[in-house]
Amino acid sequence: AGLLSKLRAGELEAAKIALLPAEDLLPAAKRARLHELRTEGQQEVHPPQEYQFQDEEMPCAECGKAGKVSWEYMVSVREGFNKAETWGSSSSSERGERCRARC
């Protein structure tokens, strides 16, 4: 039964509503959904992401193993998409590429 019906029936005093936990003030459907979310936990399991390129000889920086390292170039807004005036300038060719890798 809802809070209003309990108040009208005299089962609950108005002063006691302030002492109720916040979750008890939610509609039954919301409480059921919260319970469902809390009990299910994380259902989706994502496989480890493989990057664009594979390198059989590159050792992993974290574990040191070689053979299954994938990697990709990283382009940030600042580094990859400069102003048109700087395209092809000598300083842009001196810039090192940034990559990320994982095994």
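1. Burial classes. Buried means under 20% relative accessible area, exposed means over 50%, and partly exposed lies in between, with a 1.4 Å probe and protein chains only. By that scale Cys 63 is partly exposed, because its relative accessible area is 41%. Cys 60 counts as buried, as its relative accessibility is 10%. A disulfide is a pair of cysteine sulfur atoms within 2.5 Å. By this rule there are zero disulfides.

2. Basis. This is a predicted model, in which local features need pLDDT of at least 70, side-chain atom pairs count only at pLDDT 80 or more, and totals for chains, interfaces and linings use all residues. Residues are numbered from 1 along each chain as its sequence is written, and side-chain values use heavy atoms, with hydrogens and water left out.

3. Overall make-up. The protein chain has five helices and three strands. Helices (H or I, at least four residues) and strands (E, at least two) are DSSP runs, numbered from the N terminus. Read from the N terminus, the order is α-α-α-β-β-α-α-β.

4. Surface and contacts. The protein chain has 103 residues, and buried residues make up 8% of them. Its accessible surface is about 9100 Å². Carbon and sulfur atoms hold 54% of that surface. Areas come from the Shrake-Rupley method with a 1.4 Å probe; for residues, only the protein chains shown count as cover. Contact means heavy atoms within 4.5 Å. Of the contacts in the protein chain with a separation of 6 or more, 36% involve residues 24 or more positions apart.

5. The sheet. Three strands form an open sheet in the order β1-β2-β3, with antiparallel pairing. Two strands pair if DSSP finds at least two bridges between them. β1 and β3 (98-102) are at the edges with a single partner strand each, so one side of each has no neighbour in the sheet. On average, neighbouring strands of this sheet are turned by 35 degrees against each other, direction ignored. Axes here are lines fitted to C-alpha atoms, for helices over the stretch in contact, and angles run from 0 to 180 degrees between N-to-C directions.

6. The β1 and β2 pairing. These antiparallel strands are joined by three bridges. Phe 53 stands opposite Trp 71 in β2.

7. The aromatic pair. How many aromatic pairs does the structure hold? There is one aromatic pair. The ring centres of Phe 53 and Trp 71 are 4.8 Å apart and the planes meet at 35 degrees, so the pair is tilted. It links distant parts of the chain, Phe 53 in strand β1 (residues 53-55) and Trp 71 in strand β2, 18 residues apart. Rings of Phe, Tyr and Trp (its six-membered ring) pair if their centres lie within 6.5 Å; planes under 30 degrees apart count as stacked, over 60 as edge-to-face and the rest as tilted. Trp 71 is buried, because its relative accessible area is 17%. Phe 53, at 30%, is partly exposed.

8. Tyr 73. This residue is in strand β2 (residues 69-74). Its relative accessibility is 44%, so Tyr 73 counts as partly exposed.

9. Asp 24. The loop between α2 (14-17) and α3 (28-40) holds Asp 24. At 36% relative accessibility, Asp 24 is partly exposed. Neighbours within four places in sequence aside, Asp 24 is in contact with Leu 3 and Arg 31. Leu 3 is 21 residues from Asp 24 along the chain, with their C-alpha atoms 8.9 Å apart.
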